[in-house]
Amino acid sequence: MTKQQKKYLNLGIKLLIVGLAMWFIVSKVNNQKNLREFQTLVNSIDPLVIRLTLAVVVVMMLLNWALEVVKWKYLSRRIEKISWWKATKSVFCGLTWAIFTPNRIGEYGGRVMLLRPENRASGAVAMGVGLFAQLVLTSVFGALSIAWFVSTYLPTPIEVKFAVWLLAGIYALTFVILYFNVHWVDYLVGKFKFLARIKPFFSILDQVTTKELLDVLLLSLARFIIFTSQYIVLMLVILPDLPFMPMTFMIFILFFVQSAVPSLDIFDFSIRSFVASNLYSYITTQEIAVMAIVSCIWFVNLILPAIIGAFFVMNVNYIGGNKS
């Protein structure tokens, strides 16, 4: 392939990715009734308070993804040393890819494309460790919160409550054990001959130390606290009468369900809104307000970063390597 052909192919891929992302964003945001409900909802609150609250939520979003940049640079350093700027572009490109692909699978491709071609497969494995760390926290907090919910709000016998707590504890502990033994994946891949060709890409899992896994988990915990706080801040301002602890535990359940249900990022607001409205009906009659808040967070955390990522996508070389 000539340089001119590569140039046009690169341009075509970039335009396709950005075009798909923008089409999904515009079509879904225009049809997003809950965002319009949010606008109506905040009209009754002091405009200055709302502006400050939304500014805090947006700053939290930027901090959240900044921590993901730190985590990605940390995870990828064994494979390829990348600059902070390149790590930032990688994360936001991945977010743009993720928005129109099932279960965010495009985030892998979008992010590792900024690595050298020979490092992309190993980079995807390293990225998987970071995503798994996030999943561990979602699963642990979510499972325990579900047990609390069943015990608190559902009329169940004491034996059933005990069984639910036991299952939740085992479920949470299993995720923690699996995370701190990710090298088992490398071992299992090596047991299957038909996976021999991809075995070298998983060798990085055997090199990751317990300390490194703990560091990644702590960075993931910081992210988890931030995006939990986004919900809390909006709910405290718009629905100040909500009891704090039940409100927080239900946020954890919302995250858990969201991670467990296969979907497109762009349709996540439907799942979140449905789950949130049913959960929060136990502590408030303002289901529409809850759905509006959830949709606002969806827009800030997924749509805005995807739009930012669209600008980075145009600077990626999809045919060949990418300079640091």
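**Helices and their contacts**

Author: Thr 248 is buried, with a relative accessible area of 8%; buried means under 20% relative accessible area, exposed over 50%, and partly exposed in between, using a 1.4 Å probe and protein chains only. This is a predicted model, in which local features need pLDDT of at least 70 and side-chain atom pairs count only at pLDDT 80 or more, while totals for chains, interfaces and linings use all residues. Residues are numbered from 1 along each chain as its sequence is written, and side-chain values use heavy atoms, with hydrogens and water left out.

Thr 248 belongs to helix H11, residues 244–260. Helices here are DSSP runs of H or I with at least four residues, strands are E runs of at least two, and both are numbered from the N terminus. Beyond its neighbours within four places in sequence, Thr 248 contacts Thr 228 and Ile 232, where contact means heavy atoms within 4.5 Å. Phe 244 is also part of H11, but it is partly exposed, at a relative accessible area of 42%. With neighbours within four places left aside, Phe 244 is in contact with Ile 232 and Leu 236. Phe 244 and Ile 232 sit 12 residues apart in sequence, and their C-alpha atoms are 8.4 Å apart in space.

Next comes helix H10, residues 210–238, where Leu 213 is found. Leu 213 is buried, with a relative accessible area of 3%. Not counting residues up to four places away in sequence, Leu 213 touches Val 129, Tyr 179, Phe 180, Val 182 and Val 208. Of these, Val 129 is 84 residues from Leu 213 in sequence, yet 8.3 Å from it in space, C-alpha to C-alpha.

H10 also meets H13. Their axes come within 10 Å and cross at roughly 140°; axes are lines fitted to C-alpha atoms, for helices over the stretch in contact, and angles run from 0 to 180 degrees between N-to-C directions. H10 and H13 are therefore oblique to each other, given that angles under 35 degrees count as roughly parallel, over 145 as roughly antiparallel, 65 to 115 as roughly perpendicular and the rest as oblique. From H10, Phe 227, Gln 230, Tyr 231, Leu 234, Met 235 and Ile 238 meet Val 290, Ile 293, Val 294, Cys 296, Ile 297, Val 300 and Asn 301 of H13. The residues of this contact are 11 nonpolar, two polar and no charged; Ala, Val, Leu, Ile, Met, Phe, Trp, Tyr, Cys and Pro count as nonpolar, Asp, Glu, Lys and Arg as charged, and the others, Gly among them, as polar.

H13 has a further partner in H3. The axes of H3 (residues 47–76) and H13 (residues 287–313) come within 10 Å and cross at roughly 45°, so H3 and H13 are oblique to each other. On the H3 side, Leu 54, Val 57, Val 58, Met 61 and Trp 65 meet Cys 296, Ile 297, Val 300, Asn 301, Leu 304 and Pro 305 on the H13 side. By class, this contact of H3 with H13 has 10 nonpolar, one polar and no charged residues.
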